[in-house]
Amino acid sequence: MHDHDHDDHHRHAQGHDHDNHYSDMQARVKALETLLTEKGLIDPAAIDAIVETYETKVGPRNGAHVVAKAWSDPEFADWLKRDATAAIASLGYTGRQGEHMRAVFNTADTHNLIVCTLCSCYPWSVLGLPPVWYKAPAYRSRAVIDPRGVLAEFGLMLPEEKKIRVWDSTAELRYLVIPERPAGTEGMGETALASLVSRDAMIGTAVPAARRF
Ligand code: FE
């Protein structure tokens, strides 16, 4: 069972980055990168390093801070449930593609999974740049049709009795999954807790473990 509202996509804003624009944009970016490299103005390896940093480090660390604070501070967690946009902004994480946020909390009964079926709407302010698979047609279609099967391919086997809710992002509303706090983390502070929270755990394709190996 899952929630999915195709009508949301009728509200996708004009000029929003849809797939049919990506190929053109990517071609332009590639042409620009090639030109700048040939002129000796940029180092492609440096660009790769910057993109890698935003994909895996800077962006998702913002979200992990939000999750760790929600785990540590019940008042903040309540605020996050009521008004995620304001609660997240209070930590300084605002900006493009993060203006309207909703936090969805995993529980013992329910696991949440985020997708954008139409294109690649994603909460940049808390997660950085979306991973390649998030933009892939296979993920976008199958996350809705067979979320349990998709999660199994990510190595996340959920018990049959656990309900999976699929949230379809739009240009206007982006989602952040707040995973369950792992058992055995009672004595941990916010910084240590944040280190347990991966990008994928905040998309819903993973769950945090008490220790990372
Ligand atoms: Fe989208």
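## A buried cysteine

Cys-116 has a relative accessible area of 0%, so this residue is buried, given that the cut-off for buried is under 20%. The structure described here is a predicted model. In the chain, Cys-116 lies in the loop that runs between strand E2 (110–115) and helix H5 (124–127).

Cys-121 is found in the loop between E2 and H5. Its relative accessibility is 0%, and therefore Cys-121 is also classed as buried.

## The iron site

Which residues coordinate the iron ion? The donors are the SG atoms of Cys-116, Cys-119 and Cys-121, at 2.2 to 2.3 Å from the ion. Along the sequence, these donor residues follow the spacing C-x2-C-x1-C.

The UniProt record, an unreviewed entry, carries a "binding site" annotation for Cys-116, Cys-119, Ser-120 and Cys-121. Cys-116, Cys-119 and Cys-121 from that annotation are coordinating residues of the iron ion in the model.

## The protein as a whole

How many helices and strands does the protein contain? There are ten helices and four strands. In sequence order they form the pattern α-α-α-α-β-β-α-α-α-α-β-β-α-α.

The protein has 213 residues, and 43% of them count as buried. Among contacts in the protein with a separation of 6 or more, 72% are between residues 24 or more positions apart.

## The surface

Terms used
Residues are numbered from 1 along each chain as its sequence is written. This is a predicted model: local features need pLDDT of at least 70, side-chain atom pairs count only at pLDDT 80 or more; totals for chains, interfaces and linings use all residues. Side-chain values use heavy atoms; hydrogens and water are left out. Donors are N, O and S atoms within 2.8 Å of the metal (3.2 Å for Na, K and Ca); water is not among the atoms, so sites may look incomplete. Buried means under 20% relative accessible area, exposed over 50%, partly exposed in between (1.4 Å probe, protein chains only). UniProt positions are given in the numbering used here, feature names are shortened, and annotations may be inferred rather than shown by experiment. Helices (H or I, at least four residues) and strands (E, at least two) are DSSP runs, numbered from the N terminus. Contact means heavy atoms within 4.5 Å.
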